[in-house]
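Me: I am new to this model and would like a close look at one part of it. Please take me through that part step by step.
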Amino acid sequence: MSDEKTADVLRKLDVLKTRFREKASGDINLVTLMAQDAIAGKGSSDDLLRAYQVLHRLAGSAGTFGFRALGDEARALELILKPFSENDGEAGESVEKVKDDLHHARFIERVEGLERLLNIEETSPDTAEMSESSKVDAAGQPVVLIVEPDQAAAERLSNALAPHGFNAYPVAPKNLVSENLSRISMVLIRDNVLIAQEQIPLSSGDRPPVICIGSSDTFEDRYRLAALGVDGFVSEPIDVPALADYMERLANEKLESGSGRVMVIDDDPELLERYSLILEGGGLEVRGVSSPSDILGVLSEFRPDIILMDVQMGRFSGPTLAKMLRFDPEWVGLHIIFLSSEEDREFQFDALSQGGDDFLTKPVSDRILVQAAKVRCYRAKQLDKLASRDSLTGLLKHSLANSEVAKEHARCQRLAHHSVVAMLDLDHFKQVNDRHGHRVGDLVIKGLANLLRHRLRKTDIIGRYGGEEFIVALPDCSIEDARQSMQAVCEQMSKIAFSGAGGTFSVTLSIGIAPLDSYEKPEDAIEAADRALYVRKSAGRNGVTIVNDLDSMKQGA
Ligand SMILES: Nc1nc2c(ncn2[C@@H]2O[C@H](COP(=O)(O)OP(=O)(O)OP(=O)(O)O)[C@@H](O)[C@H]2O)c(=O)[nH]1
């Protein structure tokens, strides 16, 4: 996150803290008055119940704003009133009993003392690191450093990685320290550079993944590299497509472990805003909901990876809301974490058995909040991927790709814009398998998948349709732009050097495209693109055919 953005977040956190302090001061006065009335025999049972609720809220929020001592004391005072609250504010004996309890517990003095605790704040709040996730160049390609003493070898590797969509450039080992790591997505480093330095010459913190290249193949050497914190190892001679695929996987893991969509549900506006600021500052996408009745609408629209939810929001109980969400099969697998100051194991177990997955006990430090949310988002996304993504390429599976294309077709009709669908098929792929084996064939399939991911826009839909057949939809794109974009993919694919039996080889690609918005049904557009692909195959492969050209050919005939 830029310095300016970080300063803005810190400023907002400060404003929230001031708001919390003012509100807490008002709450303390209120509880003091209510307790005084109760002891003097003037207050109603409703007042004591209200005092309990105010203390409960204070206990749950003070620590989060840095007033831990205040939170602890409010919690202790809340517990004194708890038996009364469990009686649901019933008057009579219980009020008399509470009067005695309050007296014995020096309740009034202690409530008055809360005001003093409002001046004791933790000196260094545990603020999460504000992160920035964009590590790509202007063309959207990941930026990679190659730390290699042999300049010529580094240049060769950089050139070989270019067709795979990586912007890799060589750096001499001694210059690495002066590199701006915030824009680097990965570092490839020669093993003897690391072994000689006895450390990864990068600041620790949020450093990019490091892949070591070399010939260290003894157990001791590998162990040393792992102990230094290396994330991956590639033996020489380098199989570039395999390396590119490895880099792709590591980069995705890093990216996915630092991002996610979090829905926060809390009826306390200051807490809600604070959690949102901290989570957003940590690189997560956040949607805050203060009114439980809005949950269902926001859920369908925002589709979070996880939910963070307060345990009690006015008359609404978090565990009951979790149970209610599970009525809908769509949200059965959604990870729900309760944020609660309740430490009672029995209570927690009960809440989890109703439909929650986890507890974070308040006050939770900013760093732990962000880390806990990221880890759970990552897991949620991995699970989602297992169900919807093809395991070899990580692209959308056939049925999901079809439904995404159908959604785009509906958008075209709604917004009256042009989109394109393309079918892609590797040429003579059977020969690749026959000559070089299935494992190498798999690398070719992954190579094309990675190329598409790098070359196309984030909004484009990419799916693996079948064995060596892929589907792509380009939203808001003219047919001519789609032709150029797909032609570029064909050219890039033919430049990738794969290693096979007896040396390197390349594979070409045939593509058929059709205007998605020109067909009544999305499946008709897919079929039209498939027809164009078939024609391309018969006309010599390696290139792009547009279905419109076929139609005009037919008309001309
Ligand atoms: N390695 C590997 N091969 C696969 C996979 N899925 C399908 N194939 C193979 O892909 C090949 C497809 O061959 P064909 O449909 O005959 O087509 P082709 O050889 O590409 O020829 P044209 O499409 O006409 O250019 C078959 O040999 C399949 O076994 C996979 O996941 N991995």
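What is the order of the strands in the open sheet of five strands with mixed pairing?

Reply: The order is β14-β15-β13-β18-β19. Before the details, note that this is a predicted model, where local features need pLDDT of at least 70, side-chain atom pairs count only at pLDDT 80 or more, and totals for chains, interfaces and linings use all residues. Residues are numbered from 1 along each chain as its sequence is written, and side-chain values use heavy atoms, with hydrogens and water left out.

Start at the edges of the sheet. They are β14 (461–464) and β19 (543–546). Each has a single partner strand, so one side of each lacks a neighbour in the sheet. (Strands are DSSP runs of E, at least two residues; helices are runs of H or I, at least four. Pairing takes at least two bridges.) From one strand to the next, the twist averages 20°.

β13 (420–426) and β15 (469–474) run antiparallel, joined by six bridges.

(Axes are fitted to C-alpha atoms, for helices over the stretch in contact; angles run from 0 to 180 degrees between N-to-C directions.)

α17 gives the most, four residues. The shell has 16 residues, and His428, Phe429, Lys430, Asp442 and Arg464 come nearest. (Near means a heavy atom within 4 Å.) By class, three are nonpolar, five polar and eight charged. (Asp, Glu, Lys and Arg count as charged; Ala, Val, Leu, Ile, Met, Phe, Trp, Tyr, Cys and Pro as nonpolar; the others, Gly among them, as polar.)

An N or O atom of arginine 464 is 2.7 Å from a ligand oxygen. For arginine 541, that distance is 2.8 Å. For lysine 537, it is 2.9 Å. (The polar contact limit is 3.5 Å between N or O atoms.) The protein covers 66% of the 670 Å² of accessible area that the ligand has on its own. (Areas use the Shrake-Rupley method with a 1.4 Å probe.)

Key. Polar contact = N/O pair within 3.5 Å; in protein donor to acceptor, adjacent residues only side chain to side chain.
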